[in-house]
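Subject: Structure handover

Hi,

Here is the structure I promised to pass on to you. Have a look at it first, and then read on for my notes.

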Amino acid sequence: MARSALLNVMVQAALKAGKSLARDFGEVQNLQVSVKGPGDYVSQADRKAEKIIRDELLKARPTYGFLGEESEEIKGTDGAHRWIVDPLDGTTNFLHGIPQFAVSIALERNGEVVAGVVFNPATDELYTAERGSGAFMNDRRLRVAARKVLSDCVIGCGMPHLGRGNHGKFLVELRHVMGEVSGVRRLGAAALDLAYVAAGRFDGFWENNLSAWDIAAGMILIREAGGFASEWDGGANSLESGEIVAGNEHIHKALMEVIKRPIPTK
Ligand code: IPD
Ligand code: CA
Ligand code: CA
Ligand code: CA
């Protein structure tokens, strides 16, 4: 597997931030944590990891823009390129000592994601993809799962946390999906959830209310692994809508229909 120079820059930044996260994960009880809103936290570990990534990426490409979850956006003098970064996806898991979290880094060119890296330092799983070159976990080429019918499938999802007003709507979606599939999972880190679809661990995934940094890298992993990732109406993902539904050709289509079923009247 040959990686481009740009993908190497992204991988190095993810590994360096991952090391910092792994150290902080070992001492999680000593971290300073602030509350952004109900059920929404940020810690020193998130901020440190974002600084590491931002410094590495901007050192390598000083003219590119930078959009990260925990710092002010940099517009960049090169209007075509932008880094999209979640330094710690799965902060709630991290703060509870649950080893399901990741660094997520994507590169956008002229509004399209062209490369993505997702790294889970707790398992040393490094997911990478570049447009047209396939998706990999470490050195292994990835392919989405082949299952064609929902009743054979394990589907991942995201649940709205405290402070989000869409709990009732989610419960309707969940009820519909539960009635069709073999199992539903909620692991708590959207970037990794999408990497799991690329790796064929999840047959499909749906969530809304996400941000560009949660999904940019995961989306290209899925597409390069032969899968589909879109907004809920099937539209190409703008990154701004916060919606995503994913799977292979069959499951993506079937899941889109199920999650949009109307609220039952009885
Ligand atoms: C969160 C995780 C979670 C998803 C939330 C995201 P964060 O990201 O990806 O799985 O359900 O909506 O905000 O805040 O841990 O980076
Ligand atoms: Ca967050
Ligand atoms: Ca996130
Ligand atoms: Ca985050």
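In which sense do strand β1 and strand β2 pair, and over how many bridges? The two strands, residues 33-37 and 40-43, pair in the antiparallel sense over four bridges. Within this pair, D40 of β2 is the bridge partner of G37. β1 and β2 form a hairpin that has two residues between its strands, and G39 in that turn has a positive phi of about 70°.

Before you go further, please keep in mind that this is a predicted model. Its mean pLDDT is 96 for the protein, with 100% of the residues at 70 or more. The scores are ipTM 0.99 and pTM 0.97.

**The seven-stranded sheet**

An open sheet of seven strands runs in the order β3-β4-β5-β6-β7-β8-β9, and its pairing is mixed. At its edges are β3 and β9 (140-141), each of which pairs on one side only.

On one side, β4 (residues 81-89) and β5 pair in the antiparallel sense over seven bridges, and R82 stands opposite E108 of β5. β5 also pairs with β6 (residues 112-120), again antiparallel and over seven bridges; here the bridge partner of R109 is E112 in β6. How much of β5 is buried? Seven of its eight residues are, so β5 is largely enclosed by the rest of the structure.

From β6 the sheet carries on to β7, with six bridges joining these two antiparallel strands. V117 has T128 in β7 as its bridge partner.

As a reminder for when you look at side chains: in a regular strand they alternate between the two faces of the sheet.

**Two asparagines with positive phi**

β5 and β6 form a hairpin too, with two residues between them. N110 is in the loop between these strands, and its phi is positive, about 45°, although N110 is not a glycine. Is N110 buried or exposed? N110 is exposed, because there are 9 other C-beta atoms within 10 Å, and the cut-off for exposed is 12 or fewer.

N209 is another residue that has a positive phi without being a glycine, in this case about 65°. Its place is the loop between β12 (204-207) and α6 (212-224). N209 has 15 C-beta neighbours inside 10 Å and therefore counts as partly exposed.

The protein is divided into domain 1 (5-141) and domain 2 (150-259). The C-alpha centres of the two domains lie 20 Å apart. Where they meet, 33 residues of domain 1 are in contact with 24 residues of domain 2. On the domain 1 side, the elements that give two or more residues are β3 (65-68), β4, α3, β5, β6, β7 (125-130) and β8 (134-137). Which element gives the largest share of that side? It is β6, with six residues. By type, this side of domain 1 divides into 16 nonpolar, 11 polar and six charged residues.

**One more residue: F170**

F170 sits in helix α4 (residues 167-178). F170 counts as partly exposed because it has 19 C-beta neighbours inside 10 Å, while buried would take 20 or more. Leaving aside residues up to four places away in sequence, F170 touches M159 and P160. M1 is 169 residues from F170 along the chain, and their C-alpha atoms are separated by 40 Å.

Those are my notes; over to you.

Best wishes

Conventions: Residues numbered from 1 in each chain as written. Chains lettered and ligands numbered in written order. Predicted model: local features only at pLDDT ≥ 70, side-chain atom pairs only at ≥ 80, totals over all residues. Pairing = 2+ DSSP bridges. pLDDT = per-residue confidence, 0-100. Domains from an automatic or database assignment. Contact = placed C-beta atoms within 7 Å. Nonpolar A, V, L, I, M, F, W, Y, C, P; charged D, E, K, R; others polar.
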